[in-house]
Amino acid sequence: MSDSQSGAAIEALGGETRTFPPPADFQAQALVSDRSLYEEADADREAFWARQARELLTWRTDFDTVLEWELPHAKWFVGGSLNVSENCLDRHVQAGNGDKVAYHWEGEPGDTRTFTYAELLDEVSRFANVLKDLGVAKGDRVCLYMPMIPELPIAMLACARIGAPHSVVFGGFSSNALADRINDAEAKVLITADAGYRRGEPSTLKPAADVALADTSSIEHVVVVDRCGTDPEMTEGRDHWWHDLMADASTDCPAEAMDSEDLLYLLYTSGTTGMPKGIMHTTGGYLTQVAFTHKYVFDIHPDTDVYWCAADIGWVTGHSYIVYGPLTNGVTSVMYEGVPNHPGNDRLWDMVERYGVTKFYTAPTAIRTFMKWGRQEVDRHDLSSLRVLGTVGEPINPEAWIWYHEVIGAERCPIVDTWWQTETGGMMIAPLPGVTTTRPGTATHALPGISAELVDDEGNPVAEGGGYLTITEPWPSMLRGIWGDEQRYVDTYWSRFEGRYFAGDGAKIDPDGYLWVLGRVDDVMNVSGHRLSTTEIESALVSHPSVAEAAVVGATDPTTGQIPIAYVIVRGDVEVTDDLGEVLRQHVAQEIGPIAKPRTVVLVPELPKTRSGKIMRRLLRDVAEGRDLGDTTTLADAGVVDEIKTRAQGGGDE
Ligand code: PRX
């Protein structure tokens, strides 16, 4: 196992041609090791999904029609009824697996709680009864504003059990964001906690919820989990302690039979402007696709796997791949409350070792952070239990991919780079680890049953080169709409290219047919008439041994239209020399071409990120162009912006 820094120079994203076939011993035990699923789906897509729906789920009433498609409206598994919590819990208990661990939960301070499937079913049933007692009925929306504690999946499953759609609002959002989402959904009940642990301290939620509630009128009751003992203010009559309500609740709560197309949840995601969009996901199709993708992309063997998705349930990744996919498949999962660097930078690797994690799923931004912290944090731990490593959320630069492969996976674990969106509900473009020959930086090919195609500006298919990523056929877990805004649904996703779902991403197909998702189209800049991906330039920068992380934006330039500006975090062990900026500019010129050379390289201690870890390029663009900063309320650390502004105004490192 060699550190990628000391190995051969890593090619920039554009030139990456290395391939990694599935290791023979992995393939020998894999659920699929040939193209049969692709062939089956190609031959008859609807029959393929119908088979998955019937094999992976338990239906109360079988469906009679696989798909009703009236563009842009899809109904999957029409006439079928089922209950999601029953699929996640009851049937595993009935099958004799009640004693199997569903979640190994670990709090940030190190406290642990273990829930078997039988225990989880009891908790969910009790809380479902609590919700009913509070007047929640089928169809009522319930808002969840919680830390990463077991009560969060319990509350989600309780909602699903009684047919009340949930709307989870990420615990890092502000009270304004919470109020907007409560109001848009007209939620009846809010479930929250006093606080959750982050970086060693309670990070409060209830006070923010109280502020939000002053601006909302639909909430009748608030249920509060006492996680940190911070003694929040409780409003008489409205606010109730979780533990008080649960004390007398019965564990008997029959699951409601839901129509396949009944709303399972709303999840709000930002658009380019205005109010966040309440993305609607329904029952049968959603659960089929998340169960299918979870099972086959992670090659799940429920008897031996310990699976860990290190995301937050406040985002779609957590909904689909911490809660609904893994529980439907009856696997044992790890769930963690806090930050990855408490008490030390090796917290996650310590947990992988202690729980014997076999499948691990995280984001490129996290991987680059681990790179920054250095491999000594990893090497202290025995990670030999790991079998598959996943990534999601943004393009992964080949350098980070190789680091993940070598340092975390010991060159043994297939890497599954999974492209999907809040709107798609489940994975869309990803390898099957026993089948696909992977290539660093690309999510490879559309999964069986999914049809992705690149098109040019006029909507003509592109067989090789750059284009816009579109989906040409409806898929089971597709969004069914935007809550309360039908027109915005049509305009945002179905109007740019006739007859196609437009994902908003730019991509390219290389000569070998690999799909490279390059990022949102507004992250693609035009320099002298040449389209350049910020991701491509970032990859080039990160491939330099002195760079830990980089963000590139296009600033307006009177001559070239746009010109790249690079913000760079230097690796901890690198000595910063006066000419480093120039060295990096030349490095980019060498990796991609002189046209991609950043005008300025600004050395920064941190990059401004949203709480989900996405780099806020809009903000960097504003800094680059000397404008006033826009809305920074979703910044992980507002101080970072000032620092960047100061450095940028100082000319950076020209
Ligand atoms: O731009 C793509 C990027 O993340 C966007 C979706 O973001 P969100 O709805 O927050 O969901 C993230 C988790 C599913 C996409 O439009 N994206 C996501 N995964 C990848 C990716 N870009 C490249 N490669 C990926 N694997």
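Strands S19 and S20 (residues 415-418) run parallel, paired over 4 bridges. Keep in mind that this is a predicted model. One of the residue pairs here puts valine 392 across from threonine 418 in S20.

S19 has another partner too: strand S18 (residues 359-362) is joined to it by 4 bridges, again in the parallel sense. On that side, glycine 390 of S19 sits opposite tyrosine 361. Here are the two pairings in brief:

| Strand paired with S19 | Bridges | Sense |
|---|---|---|
| S18 (residues 359-362) | 4 bridges | parallel |
| S20 (residues 415-418) | 4 bridges | parallel |

How does the chain get from S19 to S20, and which helix is part of the unit? Helix H15 (residues 398-408) is the one, and together with S19 and S20 it makes a right-handed β-α-β unit.

Now for a helix, H2 (residues 36-43). Its buried residues are Leu37, Tyr38 and Ala41. These lie on the same side of H2 because they cover an arc of only 100° around the axis. What sits on the face turned away from that buried side? There you'll find the exposed residues Glu39 and Ala43. As for what covers the buried residues of H2, the list includes helix H3 (45-56) and helix H10 (284-297).

Technical notes. Residues numbered from 1 in each chain as written. Predicted model: local features only at pLDDT ≥ 70, side-chain atom pairs only at ≥ 80, totals over all residues. Heavy atoms only, no water. Pairing = 2+ DSSP bridges. Helix = DSSP H or I, 4+ residues; strand = E, 2+ residues; numbered from the N terminus. Right-handed = clockwise from strand over helix to strand, strands pointing away. Buried < 20%, exposed > 50% of the residue type's maximum accessible area, 1.4 Å probe, protein only. Arc of directions from axis to C-beta. Contact = heavy atoms within 4.5 Å.
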